[in-house]
Amino acid sequence: MKFVQIIDFETERLEDMQKVLQEAGQRNAGKAGGPTYRMLLKDRDKPNRYVALLEFESYDEAMRNSDDPETSKLAEQLGALSIGERVYTNLDVLESGELK
């Protein structure tokens, strides 16, 4: 079953965060077990609030990714660029598909 993690955070340094994420993406390109899809969303009503959506093949794949030292390093770097605490929501995907 596919699994989605949502990360809700605030930052005044979005460009720095995006650079860190791009570099991590390049390092992990082709590596098995990482996210299969990602989306970054900006809150239109609250400046500096963002939501990241990460999709994984399964909960187990997401947990293996979380246990990777590179992921811990990335989380630490992103935490330093955040305002306050990040909020994580872990979800199993019951249905998915494009609407036409």
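Visitor: Which residues make the nonpolar surface patch of about 260 Å²?

Guide: A patch joins residues with over 30% relative accessible area and no salt bridge, nonpolar side chains within 5 Å and like charges within 9 Å; a salt bridge is a Lys or Arg side-chain nitrogen within 4 Å of an Asp or Glu carboxyl oxygen. Here Tyr37, Met39 and Leu41 make the patch. The model is predicted, with local features needing pLDDT of at least 70 and side-chain atom pairs 80 or more, while totals for chains, interfaces and linings use all residues. Residues are numbered from 1 along each chain, and side-chain values use heavy atoms, without hydrogens and water.

Visitor: Where is Met39 placed, and how is its accessibility classed?

Guide: Met39 belongs to strand E2, residues 37-42 (strands are DSSP runs of at least two residues, helices of at least four). Its relative accessibility is 34%, so Met39 is partly exposed (buried is under 20%, exposed over 50%, by a 1.4 Å probe).

Visitor: In what order do the strands form the sheet?

Guide: Strands pair through backbone hydrogen bonds, either parallel or antiparallel. In this model, 4 strands form an open antiparallel sheet, ordered E2-E3-E1-E4. E2 and E4 (83-92) are at the edges with a single partner strand each, so one side of each has no neighbour in the sheet.

Visitor: How many bridges link E1 and E4?

Guide: Pairing requires at least two DSSP bridges. Strand E1 (residues 3-10) pairs with E4 over 7 bridges, in the antiparallel sense. Within this pairing, Asp8 has Val87 of E4 as its bridge partner.

Visitor: Is Asp68 buried or exposed?

Guide: Asp68 is buried, because its relative accessible area is 17%. This residue sits in the loop between helix H2 (59-67) and helix H3 (69-81).

Terms used. Areas by Shrake-Rupley, 256 points an atom, 1.4 Å probe, with all protein chains shown as cover.
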